[in-house]
Amino acid sequence: MPAATAENRPASSRAASDEVVLIVDFGGQTAQLIARRIRDARVLAYLISPNESIDSIRARNPSAIVLSGGPSSVYDEGAPACEPDIFALGIPILGICYGMQAACAALGEHVERAEKREFGAAPLHRVPAMSDAGRLLDGIPEHAIVWMSHGDQVANLDVDFDTLASTPTCPHAVVKHKKLPFYAVQFHPEVTHTPHGVDIFRNFLFSIAGCKGTWSMADFLERSIERIRDTVGDKRVLCGLSGGVDSSVAAALIHKAIGDQLTCVFVDNGLLRKNERRLVENTFRDHFDIDLRTACTGDQFLADLEGITDPQEKRRKIGHRFIEVFKGEAKSLEKTHGEFTFLAQGTLYPDVIESGHGHAGLSAGIKLHHNVGGLPEELGFTLLEPLRDLFKDEARKLGEVLGLPEQIVWRHPFPGPGLAVRILGDVNVEALDILRDCDEILLEEIAAANLYRSTSQVFAVLLPIRSVGVMGDGRTYDRVIAIRAVTTEDFMTADWARLPHDLLARISSRIINDVPGINRVVYDISSKPPSTIEWE
């Protein structure tokens with residue numbers, strides 16, 4: 001997310017680190033993963049809408065363009081289209097999945113509906129006669145595995161194209177235009193399920209587009225500071241601080257940009273982990289010279305959640321109450337601080353895309369996040385979300401550049417709605433107390449086993465069921481706890497962590513013996529997709 005001033009520099013004034021790749025976002029759930037892969041190669045990348053004009057794209061002077069995947073079919077009414085004039089720019093272009101189909105359709109090629117949607121791993125076979133025809137597949141094994149997720153595919157390509165590779169069900173899995181600097185793949189090289197996807201991106205960036213790879217997170221920090229200052233001016237900012245890495249990095253970044261124009265509010269909503277308030281207050285008073293206020297409003301949040309079991313409605317209720325709390329805090333601070341114009345949040349890209357709020361407005365909604373789709377229409381503030389285009393690991397890198405302490409940067413994520421979305425069903429004081437005790441035991445054991453840094457997120461979930469058990473020679477009919485532990489690079493995809501069996505046994509034994517009301521512990525072995533990381 002570059003500063004507006006940097007985006008509009010003439011090409012002659014750009015430094016090497018200003019080389020940029022534009023990603024036309026057709027609404028795919030993994031669109032920002034493309035940007036992440038490119039940024040990992042130290043090339044600045046950000047997403048644009050398919051409606052952006054050719055003149056605007058030309059003015060940005062991109063080194064290359066990538067056309068993302070998306071949920072549409074080119075035959076759908078109102079489906080996003082690829083502007084044919086984009087090929088006249090003479091800029092290297094890579095089409096991915098729907099991006100390939102939209103581009104080929106714009107070039108007059110035929111896209112056909114597949115009889116059956118293809119989803120999952122597929123063997124990719126390079127066409128021997130074309131092994132030297134394009135640099136996109138340099139260094140890729142002759143037989144590689146790729147990840148497919150499509151319903152349509154390009155068929156019967158004319159003489160203007162070379163087919164570089166195919167799969168058993170997709171004859172044109174990798175193609176290159178003979179006259180234009182246009183390459184396309186039907187699979188998704190951005191996901192970790194395509195093992196050589198990173199190599200494909202690097203070939204495109206460095207061999208085809210001629211990028212140098214000099215961009216860094218320090219550049220992002222510099223540009224973000226400029227953008228925040230330009231946006232905020234002399235106004236005041238109220239920041240919702242949870243103590244997690246997202247809001248902590250956002251607060252530190254904004255504070256570096258505007259100093260004492262920032263006031264942070266920590267909301268003790270009654271949905272926090274054990275001793276969370278004390279940890280956050282002590283940490284921030286020790287490490288930051290930031291104006292921090294605490295709002296104790298647990299009774300209000302619990303009253304809002306009474307009788308609410310639908311997870312989307314929980315998020316809406318919590319989002320609305322957060323805003324009411326911030327409005328109240330802003331009003332009470334006006335006498336001493338002046339009016340607050342902006343509300344800052346540590347929103348990350350996975351929050352945005354899962355809520356169906358991608359750059360193109362075309363993403364399928366997976367679940368609301370209280371800080372995105374859960375906010376009221378009449379907010380009363382202007383949102384300031386400087387991390388909105390970053391993944392969790394990138395936010396952590398930024399936190400390190402900002403000099404945040406390790407215990408904040410590497411803390412496991414905790415959802416904004418708190419334990420409310422880890423209690424399936426009614427949220428009440430009894431359920432919260434049970435879940436807090438279980439969660440504390442779980443994290444103690446994970447830390448004792450030295451697995452906290454090697455796992456990405458670990459937590460307990462209180463299920464809305466009871467099961468029969470035997471304790472002390474007597475029958476019990478008590479509640480069930482699920483344990484969730486995942487590993488991931490970007491939180492858009494994740495795999496369940498293979499925790500040692502003896503560790504799981506200790507966790508289960510401690511929870512059942514130490515937490516009244518629990519007689520069964522289960523372990524979640526689902527990946528994302530098809531599951532999400534949080535249960536709600």
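Because 12 of its 14 residues are buried, helix 7 is largely enclosed by the rest of the structure; buried here means under 20% relative accessible area with a 1.4 Å probe, protein chains only.

This is a predicted model, in which local features need pLDDT of at least 70 and side-chain atom pairs count only at pLDDT 80 or more, while totals for chains, interfaces and linings use all residues. Residues are numbered from 1 along each chain as its sequence is written, and side-chain values use heavy atoms, with hydrogens and water left out.

From the first C-alpha of helix 7 to its last the span is 20 Å, close to the 20 Å expected at 1.5 Å a residue, where the expected span is 1.5 Å times one less than the number of residues. Step on to glycine 259, which follows helix 7 and has a positive phi, near 60°.

Next, select threonine 297, in the loop between strand 12 (291–296) and helix 9 (298–305). Threonine 297 is buried, at a relative accessible area of 9%, and, leaving aside residues up to four places away in sequence, touches Val267, Asp268, Asn269 and Val325, a contact being heavy atoms within 4.5 Å.

Notes
Helices (H or I, at least four residues) and strands (E, at least two) are DSSP runs, numbered from the N terminus. Buried means under 20% relative accessible area, exposed over 50%, partly exposed in between (1.4 Å probe, protein chains only).
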